[in-house]
Amino acid sequence: MTKAIRIHRTGGPEVMAWEDVEVGAPGTGEVRLKQTAIGLNYIDIYHRSGVYKTPLPMCLGLEAAGVVEELGDGVSELRVGDRVCYGTGPLGAYSEARVMPAEKLLKTPAGIDDKQAAAIMLQGMTAQYLIRHTFRVEPGMTVLFHAAAGGVGTIACQWLKHLGATVIGTVGSAEKAELAKANGCDHTINYTTENFVERVAEITGGAGVPVVYDAVGLATWEGSLDCLARRGMMVIFGNASGMVPSIDPMVLNQKGGLYLTRPSIVHYTATRDELVGTANELFEVIGTGAVKIAARQTYALKDAAQAHRDLERRKTTGSTVLLA
Ligand SMILES: NC(=O)c1ccc[n+]([C@@H]2O[C@H](COP(=O)([O-])OP(=O)(O)OC[C@H]3O[C@@H](n4cnc5c(N)ncnc54)[C@H](OP(=O)(O)O)[C@@H]3O)[C@@H](O)[C@H]2O)c1
């Protein structure tokens, strides 16, 4: 019997139950995986709490790494024993084993172990699409990235630095500021004690930044608009502090003809070509050493509720992995 973390109702971490599940055989186009490392992501909290609606009961999680155990019909590009990973779901990653659509899997490169793969797939592919596609950051640009010491932030800030940008990162504590500096931030702002709008104005000599990456949401989005240069791009890609309310388009006009987008990873990895292209660029930047990521916290999969508590209470930094 396989063990998995499932929820039967939405709510706090206490709704997460460690249960026996029947995995079954893979169908056409599917494989059965034995999973060793599962990525923890903030979206898991939105699913658990009901901020993002899903059918119930369900097994949480969108990201993991492991080994192919059994092939379904029609799967030609994978073999039993292949090391694979994924970061775009479908839901059901918090499990010791599972059935997955083969088209969502990537072969894990030889230089990347399972724990590292589970730490980088979702957050790293997110960093890739944000800074290479949503707004393509060029050398010499100064950009603002909120929650710079978090999972996505730690990867994105290293990558932005590698691209030749000047990186301003916001953080919630002095310790996180040190970590953000070590991971590519030229300037850090503790937005729990400092006015980040004033600091960005100071750092940019009043010009503002061409892009703000904001997944903190409710607490920061208004200030973020005020950090943008004329015709700047506001990228709201999450809501760790709460959902952003509806916005009157005239606000974008009054603040300088701004652009606003609210992307998700699914919009950039929907086709197999997009998924492979995104993952390969991530594997390459990790492979060259330009971006260095290891899980900064690990928990046993059965203790996933504690991992959720720590992530929600802003106690984690960088990526977190659950070990099966
Ligand atoms: N749209 C997409 O495709 C996509 C993909 C991946 C992630 N995301 C979003 O990106 C964000 C980061 O995800 P992650 O998994 O890497 O998480 P994370 O950044 O490791 O954790 C969230 C961080 O947000 C900051 N934060 C600010 N206010 C908060 C509050 N009231 N409650 C909790 N945290 C708060 C905290 O850092 P400080 O203490 O430094 O403030 C916290 O560590 C999330 O909003 C997530 O939903 C979006």
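Student: Which helix gives the most to the shell around the ligand?

Tutor: Helices are DSSP runs of H or I with at least four residues, numbered from the N terminus. Here α2 gives the most, with four residues. At least two residues each come from α1 (42-49), α2 (114-134), α3 (151-162) and α9 (304-312). This is a predicted model, in which local features need pLDDT of at least 70, side-chain atom pairs count only at pLDDT 80 or more, and totals for chains, interfaces and linings use all residues. Residues are numbered from 1 along each chain as its sequence is written, and side-chain values use heavy atoms, with hydrogens and water left out.

Student: How many residues surround the ligand?

Tutor: A residue is near a molecule if one of its heavy atoms lies within 4 Å of it. In this model 30 residues surround the ligand, and the closest are Tyr129, Lys176, Tyr191, Ala215 and Arg314.

Student: Where does the ligand lie relative to the domains?

Tutor: Domain bounds come from an automatic or database domain assignment. The ligand lies between domain 1 (2-121 + 287-323) and domain 2 (139-262), because both give residues to its shell.
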